[in-house]
Amino acid sequence: TSADDEETWTFGLGCNGRVDVLLERLPPSGDAHPLDFIARCLETRQSGVMATVFGGSPDTMGRRLLLEAGGVRSDLPDGPVRDDVRSAAETVAGEGRTRSERIESAAGKLEVLLEVVRPPRSLIVFGTGQDAVPLARLAAALGFHLTVVSNTSGGAPADLFQEANVRLTASPAAVREKLVIEPDAA
C-alpha cells in the first residue's frame, strides 16, 4: 500500500504493507458447501478442517475438502490430489492450527488454505445466584457456549439466563449423568 491506497482501504498497514484477499462465489448447494460444514461443526460441537485450494491448476482452483468427525466431503476428484489434500487436512486437524500449505501433487503445485473450524469453547456456570447473572451475560457476549447448572429451582429467575445455550437443574451427584463436560471447558 501507499499513502493514496491507505485512504481507500484503511487497513492501517503502514508503508508498503500487503494483504491478499480471496473472493469466491459460494455454490447454492453441494456436498462441500462451506457454510453447511461450519454449521455442522457448531451444531455437533466437533472441530473440523476446511481445505480450500486457492492456487494451482485452474481445474482445482476453489475446490474444497471438508474433514469432520463423520468423514470427508469434497468436490475434488478422487485420486492423488484429493489424497494429498486430505493428508494435509489430517495433519492440521492434529495440530489444531490454521495455515496455508503448498502441496506438490500429480496436478502440479497447489496452494491450499487449511482452516481449523472449532465450536465455541464451553463455559459451565454452577449456581444461579445473583452473582452468576452478569457472568452469564459476559460469557454469552464473549461467544462462549454457555451452560448454567442449578441444584435447585431457587436462585435468580430463569429468564435472567436467557443467553444460556443449556439450562440444567441437577443435584451435584446427578450432574455427571446429565452433563458432558468437554476437555477444554471452563
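**Exercise 1.** How many residues has α3, and what does α3 reach from its first C-alpha to its last?

*Solution.* The model is predicted, so local features need pLDDT of at least 70 and side-chain atom pairs count only at pLDDT 80 or more, while totals for chains, interfaces and linings use all residues. Residues are numbered from 1 along each chain as its sequence is written, and side-chain values use heavy atoms, with hydrogens and water left out.

Step 1. Helices are DSSP runs of H or I with at least four residues, strands are runs of E with at least two, and both are numbered from the N terminus.
Step 2. α3 has 16 residues.
Step 3. Just after α3, glycine 96 takes a positive phi of about 75 degrees.

**Exercise 2.** State which residues of α3 are buried, and how they are placed around the helix axis.

*Solution.* 
Step 1. Buried means under 20% relative accessible area, exposed over 50%, and partly exposed in between, with a 1.4 Å probe and protein chains only.
Step 2. Val81, Arg82, Val85, Ala88, Ala89 and Val92 are the buried residues of α3.
Step 3. Viewed down the axis of α3, these fall within an arc of 130 degrees, so they line one face of the helix; the arc is taken over directions from the helix axis to the C-beta atoms.
Step 4. Asp83 and Gly94, on the other side of α3, are exposed.
Step 5. The cover over the buried residues includes β1, β2, β3 (71-74), β4 (99-105) and β5.

**Exercise 3.** Describe the largest nonpolar core.

*Solution.* 
Step 1. A nonpolar core is a set of buried Ala, Val, Leu, Ile, Met, Phe, Trp, Tyr and Cys residues joined through side-chain atoms within 4.5 Å.
Step 2. The largest has 16 residues, of which Val49, Leu65, Val85, Val112 and Leu114 touch the most other members.
Step 3. At least two residues each come from β1 (48-55), β2 (64-68), α3 (80-95) and β5 (108-117), and α3 gives the most, with 5.
Step 4. Another core, of 10 residues, lies apart from this one and includes Val133 and Phe161.

**Exercise 4.** Which strands form the open sheet, and in what order?

*Solution.* 
Step 1. Two strands pair if DSSP finds at least two bridges between them.
Step 2. The order is β6-β7-β8, with parallel pairing.
Step 3. β6 (122-126) and β8 (166-169) each have a single partner strand, so one side of each is left without a neighbour in the sheet.
Step 4. 5 bridges join β6 to β7 (residues 145-150), and isoleucine 124 stands opposite threonine 147 in β7.

How values were computed: The expected span of a helix is 1.5 Å times one less than its number of residues. Contact means heavy atoms within 4.5 Å.
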